[in-house]
Amino acid sequence: MADKLIIFDTTLRDGEQSPGASMTKDEKVRIARQLERLKVDVIEAGFAAASQGDFESIKAISLAVREPIICSLSRANDRDIARAAEALAGAERKRIHTFIATSPLHMEMKLRMSPDQVLEQAKQAVRYARTFTDDVEFSPEDASRSDIDFLCRVIEAVIKEGATTINFADTVGYGVPELYGNTLKTLRERIPNSDKVIWSVHCHNDLGMAVANSLAGVMIGGARQVECTINGLGERAGNTALEEIVMAVRTRKDYFNLDFGIDTTQIVATSKLVSQITGFAVQPNKAVVGANAFAHASGIHQDGILKARDTYEIMRAEDVGWAANKIVLGKLSGRNAFKQRLQELGIALESETEVNAAFARFKELADKKSEIFDEDIMSLVSDEEHAH
Ligand code: KIV
Ligand code: ZN
């Protein structure tokens, strides 16, 4: 039987850390409701101690959304954790996600703490968080630049304190797939009781490898939770894109052999909502949710698609929520695609000679215009039609 991959969405927390992407409480609730329709497993709704607004948003989402687990981030201190617990009080199912940095650079320069102090604080945080819920996630921040022996000590200790999910954070997008996956594998092999917790991946896209690193963490490292955001929104270059992870796992089920609960037909609606609310446009060539993701422009491809869609499509536009794929008519289009469009528009030309004449005029126009719209075709053929 295939394992389940837990989809943890952090659009409302790490996604919001994207400069300029801040959202109001009502906007966050709208997105959370859509994430529920998408059937994500966990919604990280915010960072309760960060601001009154975040606190209120988590509280509202906890009441409005009942299916997914609602999660709040908190630093590894009592005040943050108590605030997270207070915001989550109304949730049907709640998770506290606590973190502290473990890399030498962060401990020395940012926290100004010794490794032993960090270890103690991590333990204390998880112990305290467990007094509010039995679902506690721990993240060693900047884990991919941390010393592996120290990481083992910290993670072993927090598992003993009751952490149920361990998140291997590639905070600055420094990981490379094979290494990232293998480090996670080593951690799981070295840490006692590692099979008692869920291992999670959390990757940033600074080198454009967030999705690849996450999938390596799953396949090589054995992670069964992926932290991701809609449209890959997030701090700096963003986070792992949910839509890419989900469609990679589904399209290559032969390789990944994993299941998930996501309703993929809700992907495009969710992407559009997040884009509209944040004002962050989705690039046209973005995988899965970009406007061109299922558009075919070259004549050879259009001809192939009209004969059998699998020739140039590895997934269906309809399966992710687009109405249909798109044949874009332009100067690269061939006669077949042109004829197909005539048919769709209900234009029946009398003879092949007329089709050829209309196609020649279409090609002439296409050299002057990047895309030929249906209206262009209708006026192209109107002379022919009026002649009858
Ligand atoms: O990138 C990161 O390290 C984080 C943690 C707080 C999980 O977002
Ligand atoms: Zn992050």
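Trainee: How do the residues of the shell around ligand 1 divide into nonpolar, polar and charged?

Mentor: Ala, Val, Leu, Ile, Met, Phe, Trp, Tyr, Cys and Pro count as nonpolar, Asp, Glu, Lys and Arg as charged, and the others, Gly among them, as polar. Here the shell around ligand 1 has three nonpolar, five polar and two charged residues. Before we go on: this is a predicted model, where local features need pLDDT of at least 70 and side-chain atom pairs count only at pLDDT 80 or more, while totals for chains, interfaces and linings use all residues. Residues are numbered from 1 along each chain as its sequence is written, and chains are lettered from A and ligands numbered from 1 in the order in which they are written.

Trainee: Which residues are around ligand 1?

Mentor: A residue is near a molecule or strand if its C-beta atom, placed from the backbone, lies within 6 Å of it. Around ligand 1 you find Asp14, Leu73, Phe99, Ser139, Glu141, Asn167, Ala169, Thr171, His202 and His204. Two or more residues of this shell come from each of β6 (136-141) and β7 (165-170). Helices (H or I, at least four residues) and strands (E, at least two) are DSSP runs, numbered from the N terminus.

Trainee: In what order do the eight strands close into a barrel?

Mentor: Two strands pair if DSSP finds at least two bridges between them. The barrel runs β2-β3-β4-β5-β6-β7-β8-β9, with parallel pairing. From one strand to the next, the twist averages 25°. As a close-up, β4 (residues 69-75) and β5 (residues 94-101) run parallel and are joined by six bridges; Ser74 has Thr98 in β5 as its bridge partner.

Trainee: At what angle do helix α1 and helix α2 pack?

Mentor: Axes are lines fitted to C-alpha atoms, for helices over the stretch in contact, and angles run from 0 to 180 degrees between N-to-C directions. For α1 (residues 25-38) and α2 (residues 52-64), the angle is about 35° and the axes are 9 Å apart. By class, their contact has five nonpolar, two polar and four charged residues.

Trainee: Which residues make the contact of α7 with α8?

Mentor: Two residues are in contact if their C-beta atoms, placed from the backbone, lie within 7 Å. Helix α7 (residues 177-190) packs with helix α8 (residues 210-219) at about 35°, their axes 8 Å apart. Pro177, Glu178, Tyr180, Gly181 and Leu184 of α7 meet Ala212, Asn213, Ala216, Gly217 and Met219 of α8. This contact divides into six nonpolar, three polar and one charged residue.
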